[in-house]
Amino acid sequence: MDPRSEVLLRQAELFQGSLLIAGAPADGLLAELPQAQAWTWHAGDQAQLLGRFPGRCHHGVDAPQVPFDSAVLFLPKSRELAAYLLNALASRLAGRELYLVGEKRGGIEGAAKQLQAFGKPRKLDSARHCQLWQVTVDNAPVAQPLESLAERFELALPDGPLHVVSLPGVFSHGRLDKGTALLLDHLQNLPSGHVLDFGCGAGVLGATVKRRYPQSQVTLLDVDAFAVVASRLTLAANGLEGEVISGDGIDAAPQDLSVILSNPPFHTGVHTHYQAVEDLLAKSGKILRKGGEMRLVANSFLRYKPLIEAALGNCETRAEAQGFKIYRAIRG
Ligand SMILES: C[S@@+](CC[C@H](N)C(=O)[O-])C[C@H]1O[C@@H](n2cnc3c(N)ncnc32)[C@H](O)[C@@H]1O
């Protein structure tokens, strides 16, 4: 069980009523709290939770429209996202209890200060390298619409400015990542057909490709519901069409692709996870059509080349700059 869930269960008597667990991990917590419901924006956690607790799990960027008497937020990595989620929960909890749980190395101590906007926060427990905080919501805020928190910026690309709309918690919120910037400089001569932007974030790569190769069909995929919404907003801001899918890993992607394009993930929360990218590389040969191409950017220290060679039999390092490499491999 997630250590944060274990800390909650040390105080299980507080959580026996109708509780909303926001950012719920995909563990057995719901089995221990029979009246609780889960809200997650992570497609993989949602799929796992739904399998075990059908009817008790909600997915998306908005707090679910189900009644709840108290709520607990599992602290996300992004401070802006935590602020949005706490506001959304507190706006539904006037006079009632809001809890926050998180790992010390995830910044729970500092994040708990965000509870001061609603009342007087109290630390209830500290164990398993985590802390549990509580506030009675005396000052219930008005819910902030998510779009009011969007960061909008423009990229000066050779074919004209691209408007990017990013949302709290989305990778590289409000600015262009250096790795993504390098890949944007190396998008020449892509095969035409169906392009996948894997781990699309705010949709920078997918939108750029759709504009540059308008004949191509573009699919953008991300595990994070906030990234999915941001990508849709980015496409719309540029008058572009594309399919945006919420899904966990390459198994959620369409088949018979001409191009896989990615600045792949390797961090989730405070932990490092290579599983999604290892799967992407290993299965690329199955979902690319013959002659299809995978083009990736990655930190130079990540040893992806042998994995790509094992999957596709070739891998060219097309560029290297500022600690990043561009890899290109063709399915023969
Ligand atoms: C390094 S970011 C790149 C974002 C965007 N393509 C860019 O270049 O700005 C990686 C993205 O992969 C997403 N991601 C992480 N794990 C994933 C998974 N299992 N399946 C799909 N997307 C995932 C993250 O949410 C994040 O948006």
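In this predicted model, Leu100 touches Val72, Leu73, Leu75, Leu86, Ile108, Ala111, Ala112, Leu115, Gln131, Leu132 and Trp133, with residues up to four places away in sequence left out of the list. Leu100 is also one of the residues with the most contacts inside the largest nonpolar core. The points below cover the nonpolar cores and then the ligand site.

**Nonpolar cores**
- The largest nonpolar core comprises 68 residues, and those with the most contacts inside it are Trp41, Leu89, Leu98, Leu100 and Phe226.
- Because domain 1 (3-136) and domain 2 (150-330) both contribute residues to this core, it lies between them.
- Another core, of 24 residues, lies apart from it and includes Leu196, Ile260, Phe266 and Cys315.
- In soluble globular proteins, nonpolar side chains tend to be buried together.

**Ligand surroundings**
- The ligand is surrounded by 17 residues, of which the closest are Thr180, Gly199, Asp222, Asp248 and Gly249.
- By residue class, the shell around the ligand consists of eight nonpolar, six polar and three charged residues.

**Polar contacts and burial of the ligand**
- Thr180 places a polar side-chain atom 2.6 Å from an oxygen atom of the ligand.
- The backbone also takes part: a backbone N or O atom of Gly249 lies 2.8 Å from a nitrogen atom of the ligand, and a backbone N or O atom of Cys200 lies 3.4 Å from a nitrogen atom of the ligand.
- The ligand taken alone exposes 590 Å², and the protein buries 90% of that area.

Terms used
Residues numbered from 1 in each chain as written. Predicted model: local features only at pLDDT ≥ 70, side-chain atom pairs only at ≥ 80, totals over all residues. Heavy atoms only, no water. Near = heavy atom within 4 Å. Polar contact = N/O pair within 3.5 Å; in protein donor to acceptor, adjacent residues only side chain to side chain. Areas by Shrake-Rupley, 256 points an atom, 1.4 Å probe, with all protein chains shown as cover. Nonpolar A, V, L, I, M, F, W, Y, C, P; charged D, E, K, R; others polar. Core = buried A, V, L, I, M, F, W, Y, C linked by side-chain atoms within 4.5 Å. Buried < 20%, exposed > 50% of the residue type's maximum accessible area, 1.4 Å probe, protein only. Domains from an automatic or database assignment. Contact = heavy atoms within 4.5 Å.
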